Amino acid sequence: MLTVSLLDAHLSRCRSARHLLQIHAQFLASGLLADAFAASRLLLFTTSAAAGRLLPRPLDHSLRLLRLVRSPNAFCCNTVLKAALRQGLPHLCLPLYASMPALPDAYTYPILAAACAARGDAGEGRQLHSHAVRHGFGDDVYLRNALMHMYSACGCVVDARRVFDEGPVWDAVSWNTILAAYVRAGDVEQAVGVFARMPERSAAAVSSMVALFGRCGMVDEAKRVFDEAEHRDAFTWTAMISCFERNGQFVEALGVFSDMRGEGWPVDEAVMVSVIAACTRSEVMQNGEVCHGMVFRAGLGLRLNVQNALIHMYSSCLDVSAARRLFDSGESLDHFSWNSMIAGYLKNGRVEDAKALFSVMPDKDNVSWSTMISGCVQNNQSSEALAVFDSMKAHGIRPDEVTLVSVISACTNLSALAQGKSVHKYIREYQYNITIVLGTSLIDMYMKCGCLDAALEVFDTVEVKGTPCWNAVIVGLAMNGLVTKSLDMFSEMEASGTAVPNEITFTGVLSACRHAGLVEEGRQFFKLMQNKYQIVPNIRHYGCLVDLLGRAGYVKEAEDLIQSMPMSPDVPAWGALLGACWKHGDSEVGERVGRKLVELDPHHDGFQTMLSNIYASEGMWQCVKDLRGSMKQHVAKAAGYSVVQPSHSS
């Protein structure tokens, strides 16, 4: 006769589906169906991980068993509900609850709340909440915590807060749950308020606040919470490291990691991924190699996320061979692994290796195609980029905006107007939204190919015209000789109120003034950018104005402008002034500028020739002779560096 003790003994030795079915048969034959406790023991086993390895559909088996039990209790029903949730079938929980043969207890509703959270279904969650209150469980703190989590997971933070505020008592889980709700929603103000009121700030609460501040770029606030924390755990340290890494403070991230190790905390997958990312972005290879060794000593070498972080690190730090060794040793690679390796090859200029790996990639996603296309463009292989794009379309994969921008850049680089128009047609055919980025790329392509009407047509179709769009039109029109139209567009940009001119805008308008010889307008724009828009002129702005003034004959003003530059003038700026001196016969300034240029670039024959001509025009023949002698000396020195060695006669 089977008893509960014998049933437990048989279950502990069960190692096959056949054995389990035999136990099940004995259970039915013994009459233990009437014993709810015995039924719960068998249900616990059939819903366990062990049974999952023995049966193809363990939940179906448990449901059939539950229906056979004569008087199941809430524990039996809850066991099956938890099994459905654990096995990734939360949609079955509410139907099971609706047909429960036993009254629910205090443990039933938290399970159902977790199922609603997993489904993100606030409507079902509210129905469940109402049922729980009607059955007298509304004040149960365990249930209230589960409801707060459910509402938070469904994006209903106001409902979560209402549950919290209505609670007669709160425990540590209550405080952590409502804090986590605000952290999840990114509500800094409310999270800070809850954190300040917490009776005890657990390590989990500190970790949540540090993570929230990190996501919002509030690094000082995160560090203050971290430093003042009474309780820390590994997650707290990881949150602080991630906060620094996310906000570009890589040295600080590695410093916190060093402190963490100094206090004896063990490393896990999450912290190592953040630390490796900090090493990658700081480009300090030695730190990365140390972390690599630490990863393997901690037994994390086969973790996929860690492997991917290391592959990305080595690729970014130009040790693509080390990245490939890791890639080849990986047992379960994912899309990120393949894409990182391909991107690493492309970043290191090894396009053929990238193409070879891309060709054998088993399942290319959109990122794979986009990486390959953009990498070819960046490595001056625009024709190859267009070929990859054609292959992408042939495989039936729709490109995203990033891919289309890269393809348009390839067309621009090749001046391939026909292919550019084809891409634009594709964009219209598939009804892509012409965003600022996509629109700017199309405008730039059409402008550089001389199709001004098409460029302006695209400009008109962009709904929200940001600064980049206006810049592309202003610069493009100036580049194509339509200076007046370019400056008119600048005026429209100012009047639009939708975009603010930036450094690139003023480079465009100053270039337009330079090409048209509009001296007074150029002076006004140079003042406008500083006085109205508080833009500090860069070397290109100074170069444009120097060239404009020099061409118009304002040589001394141009020289004074160069002398007033807050940065060291570059060779093009001095060269423009020297050309102006030669053109307008200003020997005095030309001689000073010419000597300066010969010092800066002694191998530039053009500058030396202009200076020689200036000396000759002044009758300074000895200076001409000395300069030409210096030119011959440079030519002789350059010849001495030939890699072709003359043969020696025997």
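## Burial and surface

A residue is buried when its relative accessible area is under 20%. In this predicted model, buried residues make up 47% of the 650 residues in the chain. The chain exposes about 31900 Å², and carbon and sulfur atoms supply 53% of that area.

## Fold and confidence

The chain contains 39 helices and 0 strands. Of the contacts with a separation of 6 or more, 59% join residues 24 or more positions apart.

The average pLDDT of the chain is 86, and 89% of the residues score at least 70. Over residues 631–650, pLDDT stays under 50; the model has 5 contacts beyond four places in sequence for residues 631–650.

## Nonpolar core

In soluble globular proteins, nonpolar side chains tend to be buried together. Here the largest nonpolar core has 195 residues. The residues with the most contacts inside this core are Leu-179, Val-210, Phe-257, Met-272, Ile-427 and Ile-443.

Leaving aside neighbours within four places in sequence, Met-272 is in contact with Phe-257, Val-267, Cys-291, Met-294, Val-295 and Leu-300. Phe-257, one of these partners, is also listed among the core residues with the most contacts.

## Positive phi in two loops

Asn-380 is not a glycine, yet has a positive phi of about 60°. Asn-380 sits in the loop between helix H24 (366–378) and helix H25 (382–394). Asn-380 counts as exposed because its relative accessibility is 72%, and the cut-off for exposed is over 50%.

Ser-415, also a residue other than glycine, has a positive phi near 55°. Ser-415 lies in the loop between helix H26 (401–414) and helix H27 (417–429).

Definitions and conventions:
Residues are numbered from 1 along each chain as its sequence is written. This is a predicted model: local features need pLDDT of at least 70, side-chain atom pairs count only at pLDDT 80 or more; totals for chains, interfaces and linings use all residues. Side-chain values use heavy atoms; hydrogens and water are left out. Helices (H or I, at least four residues) and strands (E, at least two) are DSSP runs, numbered from the N terminus. Buried means under 20% relative accessible area, exposed over 50%, partly exposed in between (1.4 Å probe, protein chains only). pLDDT is the predictor's confidence in each residue, from 0 to 100. Contact means heavy atoms within 4.5 Å. A nonpolar core is a set of buried Ala, Val, Leu, Ile, Met, Phe, Trp, Tyr and Cys residues joined through side-chain atoms within 4.5 Å. Accessible areas come from the Shrake-Rupley method with a 1.4 Å probe; for residues, only the protein chains shown count as cover.
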